[in-house]
There are 2 protein chains.
Amino acid sequence: MPERIGKYTINLLSGPAILGYAAVAGKKEGEGPLGNEFDYIYNDAAAGQNSWEKAESTMHSDAVRRAIAKAGKTPDDINIIFAGDLLPQCMGTNFGIRELNIPLSGVYGACSTMALSLANAAIWVDSSAADLAVASTSSHFCSAEKQFRMPLEYGGQRSPTCQWTATAAGAAVVGRGESGVVIEKAAIGRIIDLGIKDANNMGASMAPAAAATIADFLSDTGSAPSDYDMILTGDLGKIGSELLKDLLQKENGIDISAVHNDCGMMMFDANKQEDIYAGGSGCGCSGAIICSHILRRMNEGELNNVLFVGTGALLSSVSPLQSETVPGIAHAVLLRRKQ
Amino acid sequence: MPERIGKYTINLLSGPAILGYAAVAGKKEGEGPLGNEFDYIYNDAAAGQNSWEKAESTMHSDAVRRAIAKAGKTPDDINIIFAGDLLPQCMGTNFGIRELNIPLSGVYGACSTMALSLANAAIWVDSSAADLAVASTSSHFCSAEKQFRMPLEYGGQRSPTCQWTATAAGAAVVGRGESGVVIEKAAIGRIIDLGIKDANNMGASMAPAAAATIADFLSDTGSAPSDYDMILTGDLGKIGSELLKDLLQKENGIDISAVHNDCGMMMFDANKQEDIYAGGSGCGCSGAIICSHILRRMNEGELNNVLFVGTGALLSSVSPLQSETVPGIAHAVLLRRKQ
């Protein structure tokens with residue numbers, strides 16, 4: 001049963017458990033430092049489909065099916081799926097999961113989607129609105145570039161502050177049970193917009209939102225960064241991560257540097273892989289890393305509690321062309337290993 | 001506290017109440033049969049902005065502010081807003097409400113958004129995850145045509161099966177209290193796709209989803225159409241409404257004709273107003289009608305219980321160009337006047 005603590009945080013008293021999880025990714029992600037953590041690598045970026053959007057849909061659906069199977073369940077057992085992606089009208093989600101016949105509560109949170117969908121799934125399970133809920137998301141480099149920047153065929157030069165949208169999908173099944181990792185708390189973030197207009201510098205537009213959500217969460221729960229094994233943002237990249245640490249230190253006197261990591265900096269090796277620049281991004285980046293590397297390490301006892309702060313840049317494919325700023329948002333879920 | 005009944009339906013035992021609601025609309029909607037029900041009519045389709053998207057954002061924000069004020073609250077009192085719209089990356093929502101500083105759980109459900117956001121808001125309040133939640137949505141004829149069909153400047157001919165996207169926004173504040181109308185039950189729908197490919201015939205693509213959700217809800221609750229003062233779909237329009245009634249009669253032996261109405265058929269008068277064809281549509285159509293006409297009639301005792309079934313066509317701005325079919329979805333909320 002959920003209980004509000006402080007102004008923004010919700011305590012999930014029953015401890016909804018992650019009963020299964022899965023991640024799939026593309027070739028470049030497979031060649032990154034976490035490549036061997038994913039359940040499946042698509043060496044064909046098109047995933048056998050005839051469009052990038054359908055490729056993303058295929059990967060999204062694959063991650064959801066794998067997570068459900070790994071939880072020992074079937075799609076028919078699932079009461080609800082919270083899912084979304086970056087594409088207009090969430091095409092990656094809707095066309096991906098339509099055959100699963102699971103009630104769908106579509107979410108839109110840009111790259112914060114994994115945290116947002118996990119928070120909603122956990123609240124529904126904690127409150128008995130659902131017995132089993134799925135949280136999932138996806139992104140695809142080629143479908144995202146086409147929507148937000150330029151068709152790949154143009155061969156446009158990328159800016160050095162750019163992040164590389166991950167081709168990946170992640171899914172988790174939340175329910176009651178004796179699993180090793182529970183979602184203990186959640187906090188939904190507010191839109192923070194400090195006026196960044198450069199759509200090629202997402203990290204800068206999202207860092208203030210991440211700082212606000214982390215500061216709110218620590219304040220609501222009366223905890224300090226040292227109480228967590230990891231505060232994991234997804235995906236600020238290199239530039240946004242530095243800004244986040246600076247902002248929290250200067251504005252709030254909070255030093256997270258000893259425990260901070262960022263999914264955008266974990267997905268690729270910018271020194272070895274081409275064109276990564278500031279790091280990874282896209283809904284699927286944090287989605288796939290949470291639903292592989294992080295949950296594996298938690299289940300194996302390497303990490304006991306991880307504050308996962310999903311960050312999203314709420315620009316649209318149209319808004320930068322209208323000289324608009326890039327609003328940021330960040331949602332937090334506290335993952336804890338059951339002792 | 002939510003309680004699952006049957007396979008798809010959730011009983012909201014505390015009866016989350018609608019404490020305030022508001023709707024704003026454009027000039028054409030203001031000239032329709034419900035024109036005098038809306039809180040404000042924008043005679044300027046651009047709402048003083050320099051783009052259709054920003055005009056929609058302005059209207060969305062206006063509806064939310066009005067609903068909160070009418071509930072006797074301030075934005076700072078609200079724990080969470082569930083909001084979304086039709087535009088890519090929900091630009092109407094995110095740019096509209098960013099100044100309100102309310103935690104945002106973005107939703108995507110196309111024209112089913114008002115039902116989806118109301119269901120989520122009600123479940124959060126019922127479970128104590130929120131004390132006060134807002135549900136809101138918007139659409140704008142000009143921003144929608146530009147995304148999904150053709151820029152208005154082309155002067156393209158409209159198909160007779162077309163629906164007219166309403167320029168409108170609706171918002172409701174859900175909380176605990178002595179209000180006249182409560183959200184008693186909710187059911188999240190599944191994606192149903194029977195293979196309709198005509199993006200100018202949304203009614204046909206959504207009718208099967210509406211039929212499935214209505215049949216599921218009646219079965220889960222052991223009720224019949226005659227138990228409701230109104231079964232209100234939004235927005236199937238004329239063609240979709242006929243298909244829905246036929247489908248339910250033939251496939252399920254359920255006759256809803258005595259109590260059925262549809263927001264798409266209520267917004268405009270197709271005999272008097274130009275180019276309406278099959279009726280109204282867009283997230284804002286049912287959003288504005290629920291948050292004005294329907295809730296007013298319920299509060300005044302003219303209607304005691306209304307099963308509101310929001311319907312959405314989950315196509316994207318890209319999918320019809322890729323020869324894709326149009327998936328449909330429908331979510332139900334049961335509104336009941338407190339005796």
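This is a predicted model: local features need pLDDT of at least 70, side-chain atom pairs count only at pLDDT 80 or more; totals for chains, interfaces and linings use all residues.
1. A quick definition before we start: a residue is called buried under 20% relative accessible area, exposed over 50%, and partly exposed in between.

2. A:Asp39 sits in the loop between helix H1 (27–30) and strand E4 (40–42) of chain A, while A:Lys70 belongs to helix H2 of chain A, so the pair ties together parts 31 residues apart in sequence. A:Lys70 is partly exposed as well, at 46%.

3. Helix H2 of chain A has a pairing of its own. A:Arg66 and A:Asp62 both lie in it, four residues apart, or about one turn of the helix, and they form a salt bridge with the closest N and O atoms 2.8 Å apart. Which of these two is buried, and which partly exposed? A:Asp62 is buried at 13% relative accessibility, whereas A:Arg66 is partly exposed at 27%.

4. Chain B has a salt bridge between B:Arg66 and B:Asp62, again with 2.8 Å between the closest N and O atoms. Here too the accessibilities are 27% for B:Arg66 and 13% for B:Asp62.

5. Now to how the chains meet. Each side of the contact counts 60 residues, from chain A and from chain B, and together the chains bury about 5000 Å², 56% of it on carbon and sulfur atoms. On the chain A side, A:Arg4, A:Gln89 and A:Arg98 supply 15% of the buried area, more than any other three residues.

6. How many salt bridges cross this interface? The rule finds eight, and one salt bridge to look at joins A:Asp76 to B:Lys7, with the closest N and O atoms 3.1 Å apart. There are also 30 residue pairs in polar contact between the chains. By class, the side of chain A that touches chain B has 31 nonpolar, 18 polar and eleven charged residues.

7. What about symmetry? A rotation of 180° with 0.0 Å of shift along its axis superposes chain A on chain B, at an RMSD of 0.0 Å. That is the relation of a two-fold axis. The same surface serves both copies, as 100% of the contact residues of chain A recur in chain B.

8. B:Asp216 counts as buried at 19% relative accessibility. Leaving aside residues up to four places away in sequence, B:Asp216 touches B:Tyr8, B:Thr9 and B:Arg190.

Conventions:
Residues are numbered from 1 along each chain as its sequence is written. Chains are lettered from A and ligands numbered from 1 in the order in which they are written. Side-chain values use heavy atoms; hydrogens and water are left out. Contact means heavy atoms within 4.5 Å. Buried area is the accessible area (1.4 Å probe) that two parts lose on being put together, summed over both. A salt bridge is a side-chain nitrogen of Lys or Arg within 4 Å of a carboxyl oxygen of Asp or Glu. A polar contact is a pair of N or O atoms within 3.5 Å; within protein, one must be able to donate a hydrogen and the other to accept it, and residues adjacent in sequence count only if both atoms are side-chain atoms. Ala, Val, Leu, Ile, Met, Phe, Trp, Tyr, Cys and Pro count as nonpolar, Asp, Glu, Lys and Arg as charged, and the others, Gly among them, as polar. Copies are superposed by least squares on the C-alpha atoms of residues with pLDDT of at least 70 in both. Buried means under 20% relative accessible area, exposed over 50%, partly exposed in between (1.4 Å probe, protein chains only). Helices (H or I, at least four residues) and strands (E, at least two) are DSSP runs, numbered from the N terminus.
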